[in-house]
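Subject: Handing over a structure

Hi,

I am passing this structure on to you, and I hope you enjoy looking through it. My notes follow below, so please open it alongside them.

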Amino acid sequence: MLKLKNIFKSKEYKRILENMISLTGLQFASYILPLITLPYLTLVLGPEKFGLTQYAISLITYFQFFTDYGFNLSATRELAICRDDNQKISQIFSSVMFIKMCLCILSFIILLLIVMFIPKFSEDSYVYILTFGMVIGYMLFPTWLFQGLEYMRYTSILNIIGKIVFTVLIFIFIHDTTDYMLVPLINSLGYILVGILGIYIALTKFNIKITIPSIRDIKYHLREGWYVFISTIAINMYTTTNTFLLGLLTNNTLVGYYSIAEKIILAVNGLLNPISQALYPFISRTVKTDDKTRSIEFIRKITKIMTLVGIVLSAGLFIFAKPIILLLFGQSYVNSVIILQIISIVPLAVSLSTVFGVETMLTFNYKKAFTSIVMIGGIIDIVLGIILITLMKEIGIAISFATTEIFITIAMFIFLQRKGIKIINRNHTKLS
């Protein structure tokens, strides 16, 4: 316990703590603050229209991941290593932003083809098109730059501003079911506003010079981000795809029930993200420049903290699932209670898999193995999800989600043990 208290005594660790605090504010803006509007939206829109808006987000999230291309990890790592080289920072920024803009344009073309030629999406085409503004804002906002240079306060402040604007506008303009079209519009405007402000701060604060990226630089960053991109797509298989599959095989009302429980889980998981995101640049640097044994010892300490936090969060969700759902969303969403209890194990699994996967496997350059594990998990979730949705509808996809997260956590732990990175065992750290 004494060693845990000493983690943040040095100047380097104080910077990590500062970033954790900033990222906690970001997660509050991203997950907790929207929970203020959720009860209102579910009441005003009803399960069907609320489910439609959430289903649109589940489709658009694919394009968000596509335009990100894993840069939130790959570019972050590059920037963390060369954070004192302004020329290199400008080069990375220009290359990454160029790639993201190209992917965003391609994404919009694909979306137009989907809403034009697939009947299920044609019926509510404007909802999907308006929701696409989230992708534009997400593409513009340089989270990876702020994270890599370890100035996460900007990310927090700007995102809180965006979410506050969204929250206020929802209460001003959304009054009955017919206003459902305004929900994606307001959401998109919030993202775009934050994205523009983020670009402005990045260019002025860090003295970045925009240059035309070379073909060589573009290829390099595409190659560096590839494994993270594939693993992100795989992760998306058992997060966003769950909602997407449920909507394809059932109806918007059941999507509404599932989305409520999933959003609560995402909000709780968001409490874990600040630790992970603040530590990633630091561990990336120490693994590259210092003794790897020291890094593993540090990871062991973080594992203890994350395990304790994960147990408290998961147990709390399971025990208080019913009062949480009924208090926030009312009796009409009582079907969400059992879903929340089933997936309440996810925060514990995610707290551990984040340490095993992102903080350890990626920083120790086990990208291929990380991608493979997550990809297998994604495939398991899709196959199991289709089977269980057919048999048990929204309950089935909840079981599939929980099972997948547990599998990924165990698989990552076993891989690290076999590689000699024994996070649990203090006496043996022999890398292979």
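Thr-211 sits in the loop between helix H11 (182-205) and H12, where helices (H or I, at least four residues) are DSSP runs numbered from the N terminus. With a relative accessible area of 42%, Thr-211 is partly exposed; that term covers values between buried (under 20% relative accessible area) and exposed (over 50%), using a 1.4 Å probe and protein chains only. Have a look at Gln-91 too: it is 120 residues away from Thr-211 in sequence, but their C-alpha atoms are 7.0 Å apart in space.

Before you go further, please keep in mind that this is a predicted model, in which local features need pLDDT of at least 70, side-chain atom pairs count only at pLDDT 80 or more, and totals for chains, interfaces and linings use all residues. Residues are numbered from 1 along each chain as its sequence is written, and side-chain values use heavy atoms, with hydrogens and water left out.

Another pair to look at is Phe-66 and Met-139, which are 73 residues apart along the chain and have C-alpha atoms separated by 9.8 Å. Phe-66 belongs to helix H3 (residues 34-68) and is partly exposed, its relative accessible area being 22%.

Next, the salt bridges, meaning a side-chain nitrogen of Lys or Arg within 4 Å of a carboxyl oxygen of Asp or Glu. How many does the count come to? It comes to 1 salt bridge. Its partners are Glu-224 and Lys-367, with their closest N and O atoms 3.5 Å apart. This pair links distant parts of the chain, as Glu-224 is in helix H12 (residues 215-237) and Lys-367 is in helix H20 (residues 367-392), 143 residues apart. Both Glu-224 and Lys-367 are buried.

Two loops around H20 are worth a visit as well. Asn-365, in the loop between helix H19 (346-362) and H20, has a positive phi near 65° while being a residue other than glycine. Its relative accessible area is 49%, so Asn-365 is partly exposed. In the loop between H20 and H21 you will find Lys-393, which is not a glycine but has a positive phi of about 55°. Lys-393 is partly exposed too, at a relative accessible area of 43%.

From there you can move on to helix H21 (residues 394-418), which has 25 residues and should span 36 Å at 1.5 Å a residue; the expected span is 1.5 Å times one less than the number of residues. The end C-alpha atoms of H21 are 37 Å apart, which agrees with that. After H21 comes Gly-420, with a positive phi near 90°.

Finally, the cysteines. A search of the whole structure finds 0 disulfides, a disulfide being a pair of cysteine sulfur atoms within 2.5 Å. Is Cys-104 buried or exposed? Cys-104 counts as buried, at 7% relative accessibility, whereas Cys-102 is partly exposed, with a relative accessible area of 39%.

Best wishes
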